[in-house]
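Let me put the model up, and then I'll walk you through a few spots.

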Amino acid sequence: MRLGLHALGIGAGADRAVIDAVASTADAHGFATLWAGEHVVMVDRPASRYPYSDDGAIAVPAQADWLDPMITLSFAAAASTRIGLATGVLLLPEHNPVVVAKQAASLDRLSGGRLTLGVGVGWSQDEFDALGVPFAHRAARTAEYVAAMRTLWRDDVASFDGRFVAFEAIRVNPKPVRDRRIPIVLGGNSDAALRRVAAWGDGWYGFNLDGVAAVRERIDTLERLCAESGRERAGLRVSVALRDLRAGDPGALAELGVDELVIVAAPPNRPKQAADWASSLADQWLG
């Protein structure tokens with residue numbers, strides 16, 4: 001099982017020198033992926049409940065620096081040579097899919113084919129309202145945007161006619177490095193999220209799950225939904241992050257068929273300390 005690190009883009013992880021230090025150290029010590037999440041907008045008193053904590057509150061303060069994940073991962077790519085790069089997750093329905101397709105393919109090309117595009121449907125109505133995007137039907141919008149982006153990556157001259165996006169005979173270059181595809185991993189822990197994974201995703205990023213038992217239950221559900229969709233779960237990339245990681249968890253997760261364990265943590269705010277921190281995580285969990 002591979003080990004990922006979700007540490008860049010927020011707070012101390014939004015500092016250029018810290019990004020360089022963490023990316024280069026994680027690359028050298030064998031981490032598989034660097035993950036960076038997204039919120040365009042934060043508010044002091046959110047109207048929506050955060051779905052990944054028991055109390056419904058997000059742990060990141062509203063006033064914290066939160067970099068755009070594509071830009072963050074571009075800097076991480078420049079500071080590394082091997083490690084994978086993943087948005088975890090980009091809130092796709094908040095964006096223009098033609099622009100995202102261009103940005104993702106550009107980052108994939110510049111990084112030598114290292115990008116995985118993690119996407120989510122979003123949970124904060126405050127954020128959608130601020131961006132002028134309807135909160136309703138965001139799951140359907142996400143699915144259609146992904147289909148449109150895959151069309152843009154695949155076809156030299158692309159056309160698409162959907163409910164939320166349409167274009168006719170356009171060229172969007174460059175194309176992604178790996179057979180004109182970028183793997184699309186879906187975030188979200190609900191049955192609805194797993195149903196989207198089974199229907200059209202390349203993988204699942206389970207975030208802030210409450211232990212191995214919770215992962216087992218969600219994977220059992222994913223396997224059932226894949227069977228209903230006529231897909232093999234083994235063909236999907238499964239990455240998970242746990243709330244409280246314990247010594248025996250990596251082995252247990254590997255037995256469940258998890259492909260990547262993602263450590264979610266904040267680096268120190270000084271580059272040398274951040275490099276040492278990433279190195280110590282590698283020593284602890286990669287051994």
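So, where does P174 lie? P174 sits in the loop between strand 7 (166-170) and strand 8 (184-187); helices (H or I, at least four residues) and strands (E, at least two) are DSSP runs, numbered from the N terminus.

Quick housekeeping. This is a predicted model, where local features need pLDDT of at least 70, side-chain atom pairs count only at pLDDT 80 or more, and totals for chains, interfaces and linings use all residues. Residues are numbered from 1 along each chain as its sequence is written, and side-chain values use heavy atoms, with hydrogens and water left out.

Back to P174: a cis peptide bond joins N173 to P174, with omega about 10°. There's also a cis bond between G88 and V89, where omega is about 0°. V89 is in the loop between strand 3 (84-87) and strand 4 (90-91). Most peptide bonds are trans, and most residues other than glycine have a negative phi. On the phi side, look at H137: its phi is near 65°, a positive value in a residue other than glycine. H137 is in the loop between helix 4 (125-131) and helix 5 (138-154).

Now helix packing, starting with helix 5. The axes of helix 3 (residues 97-110) and helix 5 come within 9 Å and cross at roughly 50°; axes are lines fitted to C-alpha atoms, for helices over the stretch in contact, and angles run from 0 to 180 degrees between N-to-C directions. That makes helix 3 oblique to helix 5, given that under 35 degrees counts as roughly parallel, over 145 as roughly antiparallel, 65 to 115 as roughly perpendicular and the rest as oblique. The crossing is right-handed, meaning the near helix is turned clockwise from the far one by less than a right angle. Who meets whom? From helix 3 we have P97, V98, V100, A101, A104 and A105, against Y145, M149, L152 and W153 in helix 5, with contact meaning heavy atoms within 4.5 Å. By class, that contact has 10 nonpolar, no polar and no charged residues. Here Ala, Val, Leu, Ile, Met, Phe, Trp, Tyr, Cys and Pro count as nonpolar, Asp, Glu, Lys and Arg as charged, and the others, Gly among them, as polar.

Next pair: helix 6 (residues 191-200) and helix 7 (residues 212-229) have axes that come within 9 Å and cross at roughly 45°. So helix 6 is oblique to helix 7, and the crossing is right-handed. D191, L194, R195, V197, A198 and A199 in helix 6 meet R218, T221, L222, L225, C226 and S229 in helix 7. That contact has seven nonpolar, two polar and three charged residues.

Last stop, W285, which is in helix 9 (residues 271-285). Which residues does W285 touch, not counting those up to four places away in sequence? They are L3, L245, R246, A247, P250 and I263.
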